[in-house]
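Subject: the model, and what I found in it

Hi,

Here is the structure I promised to pass on. Have a look at it first, and my notes follow below.

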Amino acid sequence: MSIIVTGADGYVGWPTVLRIAKRTDQRVLGVDNFARREWVASVGARSATSVAPVEDRLAAAEEQGLSNLSVIEGDLTERAFVDRLLAVHEPEAVIHTAAQPSAPFSQINGEHANETQHNNLQATRNLVFGLHEHDLNDTHFVETTTTGVYGAPEFPIPEGGATMENDGERDEVPFPAMAGSWYHLTKSHDAANLRLAHTQFDLPISDVRTAIIYGAGTDETRADERLATRLDFDYYFGVVAHRFAAQAVAGYPLTVYGKGEQRKPFVSLEDAVEGLARLALCDPDDRPEPHTVYNQTTRAISIVEIAETIADVGAEYDLDVSVEHVENPREEDETHKMEIEHDRYDRLIDGGSVDFETGMDEVLGAMTEQAAVVTAHEDRFLPDVLEDRED
Ligand SMILES: NC(=O)c1ccc[n+]([C@@H]2O[C@H](COP(=O)([O-])OP(=O)(O)OC[C@H]3O[C@@H](n4cnc5c(N)ncnc54)[C@H](O)[C@@H]3O)[C@@H](O)[C@H]2O)c1
C-alpha cells in the first residue's frame, strides 16, 4: 500500500510529501508534471528561494533518512496515466494538491481561463473516477480546494454547507458557488464533483478548503537548502502577504487601498502541511464523517494588519517600511469583516502553531537573504495589464 500526493513539486505539496514520508514507513509517491515551474517562468518571474531540480530534492531527502519517498512525472489530465498510477500503486490515501492555483493567471484571458478550468477539473475527475474504476472505494481522497469558494458573504461562513429556506421549508444544502475568479470557480466545481463522487462511489472525501497560506518552510524543508520549497512573490503567483514582503524588501511603500480593513482567511504553511499529513495518515475510524469539509484556516486577517505586521517585523531586518493608504480604485467594502468557522480544522491540528507574525518573520528572513533576486524582479510586482485580483 502507498500514499499518493499530487502536486508534489509545489509550494504545499513538497513539504507535505516530506512530512508524510517522515511519519510513516509506507511508500509515499509524489506526482507532478512540473507545470508550476513553467507557469511562473512564463510570466517572467521566479521563486525567491532556489527551487532545486527534483533529483536533487530526492537525494537530499534520502540523506535525511527518507528512503520511502519517490516522485514521478506525469500529467493528471491524462486519463491513461492516472489509471496506471492508481492500478499499480493502489493508494490508501490520495492527497490532491495539484492545480493551477493562481486567480490572476486564470484571469489573463480566455486561453488561461480554459487552461485553468480544464487542468483542475479534469485532474480531479480522473482521480475520483480512477479510484472508483479500480475498486479503490475505501481510499481516502483529500483535496485542497479553497476558502475562495465561499466568496465574501455578509454572514459568518460555515465549515461546509449552508441552510436554505424557501416557501417556509428549510434544508441543508452545499454552499453556493460564490467564487470570484475562473480559478476559484474550479474549486467550487471540484467541491460539487467531490460531493457527487462520495454519493455515487461511496469514496471517503475530505474537502479541505485552504485559506491563503503564508510561510517560507517547515522543519523538513529547512533541513537542507536543496529541500527548500518555492516562495513566489510576483503579481500572478505570490499571495498578498508574500508580495507585500517582497515590496518591503525592495524598498517600496506598502500600498493599502482605502481603509484596508476587509479580512481574508489565512493559515501558515506549517499548519496547512500538518493537517494534510494527519489526514493522509488518519485511521478511518477517526474521521468525523465519510464526506467532511474542513476550513483550513486559523484566523482572518485584514489587509492593513498584513501591511503593519510586515512594517513591524521588517524593522528587525533594518527595513524602513512605510504603509500608505491610497484612494481605493475598486468597488469593494473596505471594512468587510469576514468571519469563518474553523473549529473542525482546529481540532484536526490541535490549534495552530505558527502565528502570522512568526510566519512573516520567516518570509522576510528568506526574502532579505535573497534581496538581489527580489529586487531584480521588482517589475513583476505589478501585472502587465492592470486587472483586479482576488487572493
Ligand atoms: N498557496 C495558497 O495560498 C493556496 C490557497 C488556497 C488553495 N490552495 C490550493 O492548494 C493546492 C496547492 O497550492 P500551491 O500553492 O502549492 O500551488 P503550486 O502551484 O505550488 O502546486 C501545485 C502543483 O501541482 C502541479 N500540477 C498542476 N497541474 C498538474 C497536472 N495536471 N498534473 C500533475 N501536476 C500538476 C504543479 O506543477 C505544481 O507543482 C492547490 O490545489 C491550490 O489551489 C493554495
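Residue numbers start from 1 along each chain as its sequence is written.

On confidence, pLDDT is the predictor's own score for each residue, from 0 to 100. The protein averages 94, and 98% of the residues score at least 70. Residues 385-390 fall below 50, and that stretch has 9 contacts in the model beyond near neighbours in sequence; a contact here is two C-beta atoms, placed from the backbone, within 7 Å. Where pLDDT is low, the predicted coordinates should not be read in detail.

Back to the ligand. It is surrounded by 28 residues, and the closest are G7, G10, V12, R36 and P101. Being near it takes a C-beta atom, placed from the backbone, within 6 Å. At least two shell residues come from each of β2 (27-32), α2 (35-42), α6 (110-133) and β9 (212-214). Those element names are DSSP runs numbered from the N terminus: helices are H or I with at least four residues, strands are E with at least two.

In the loop between β2 and α2 you will find F34. F34 has a positive phi of about 60 degrees although it is not a glycine, and it is partly exposed, with 14 other C-beta atoms within 10 Å. The cut-offs: 20 or more other C-beta atoms within 10 Å of a residue's own makes it buried, 12 or fewer makes it exposed, and anything in between is partly exposed, with C-beta atoms placed from the backbone. D135, in the loop between α6 and β5 (140-144), also has a positive phi without being a glycine, of about 55 degrees. D135 counts as exposed, with 10 C-beta neighbours inside 10 Å. Within α6 itself sits H118, which is partly exposed with 13 other C-beta atoms within 10 Å.

Now the inside. The largest nonpolar core has 97 residues, and A245, I310 and M367 touch the most other members. Its largest share, 7 residues, comes from helix α9 (residues 269-281). A second, separate core of 7 residues includes V40, A45, Y236 and F237. By core I mean a set of buried Ala, Val, Leu, Ile, Met, Phe, Trp, Tyr and Cys residues joined through C-beta atoms within 7 Å.

What does I310 contact, leaving aside its neighbours within four places in sequence? The list is F244, A245, A248, L254, V321 and M360. I310 is one of the buried residues of α10, together with I303, V304, I306, A307, T309, V313 and G314. Helix α10 (residues 303-316) has 14 residues and reaches 21 Å from first C-alpha to last, close to the 20 Å expected, which is 1.5 Å times one less than the number of residues. Its buried residues are covered by elements including α8 (240-249), β10 (254-257), β13 (299-302), β14 (323-326) and α12 (356-369). Just after α10, D318 takes a positive phi of about 60 degrees.

Helix α8 is largely enclosed by the rest of the structure, because 9 of its 10 residues are buried. These buried residues pack against β9, β10, α10, α12 and α13 (371-376). Just after α8, G251 has a positive phi of about 85 degrees.

V256 in β10 is buried, with 21 other C-beta atoms within 10 Å. Beyond four places in sequence, V256 is in contact with I303, V304, A307, V323, E324 and H325. A93, in strand β4 (residues 91-96), counts as buried with 25 C-beta neighbours inside 10 Å.

Cheers

Notes
This is a predicted model: local features need pLDDT of at least 70, side-chain atom pairs count only at pLDDT 80 or more; totals for chains, interfaces and linings use all residues.
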